[in-house]
Amino acid sequence: MPFEDSVNNELKTAMRSKDEASLRALRALKSAILLEKTSGSGKDLDEATGIKIVQKLVKQRNDSIEIYSGQGRDDLAQAERDEVKVLMKFMPEQLSEAEIREGLKKIITSVGASTPADTGKVMGVASKQFSGKADNRTVASLVKELLSG
């Protein structure tokens, strides 16, 4: 099923069940999809583009969670967490830290990286390989750890 159709179906289901968190998240996703389609890029909305949109929305919500938690606004942070759960349905299965670490070891070997100065080389390959399957912050922290230790 095309990405946009699955979003629309989930939105209809959320409307019927009156699930507020799902409605907020899915409406934001639908809005982002509409913006992408009307951006003038001329591309059709494929699965990869849809995943990038979802990644962006999840990152925004995670940033908001950090801010809200830091300010003691757990009610707002919880609302954002609920939206992240809904958005994660549209993401491919996320890799575990151990799986990311194994993939990074292979990448480090293949690009010949040995010092923290080679982080850029590794991240270039890793961001493509783990696109949609792992959070870039996690990947970056693991790359730094592996190259420095």
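Helix H3 (47-70) and helix H7 (136-148) each contribute at least two residues to the lining of the largest pocket, helices being DSSP runs of H or I with at least four residues, numbered from the N terminus. The model is predicted, so that local features need pLDDT of at least 70 and side-chain atom pairs pLDDT 80 or more, whereas totals for chains, interfaces and linings use all residues. Residues are numbered from 1 along each chain as its sequence is written, and side-chain values use heavy atoms, without hydrogens and water.

The largest pocket holds about 470 Å³ of space. Of its 20 lining residues, Gln55, Lys59, Ala134, Asp135 and Asn136 are the closest to its centre. A pocket is an open set of points on a 1 Å grid over the protein atoms alone, where a 1.4 Å probe fits, with protein on both sides within 12 Å along at least five of seven lines; lining residues have an atom within 4 Å of a point. Volume is the space filled by probe spheres set on the points, which are joined across faces, edges and corners. H3 provides the largest share of this lining, 6 residues.

The second largest pocket, with a volume of about 200 Å³, is lined by residues including Ser31, Leu35, Lys52 and Gln60. H2 and H3 each supply at least two of its lining residues, and H3 gives the most, with 5 residues.

Helix H2 (residues 20-37) also contains Ser22. Ser22 counts as buried because its relative accessibility is 7%, the limit being under 20% relative accessible area with a 1.4 Å probe, protein chains only.

Key
Buried means under 20% relative accessible area, exposed over 50%, partly exposed in between (1.4 Å probe, protein chains only).
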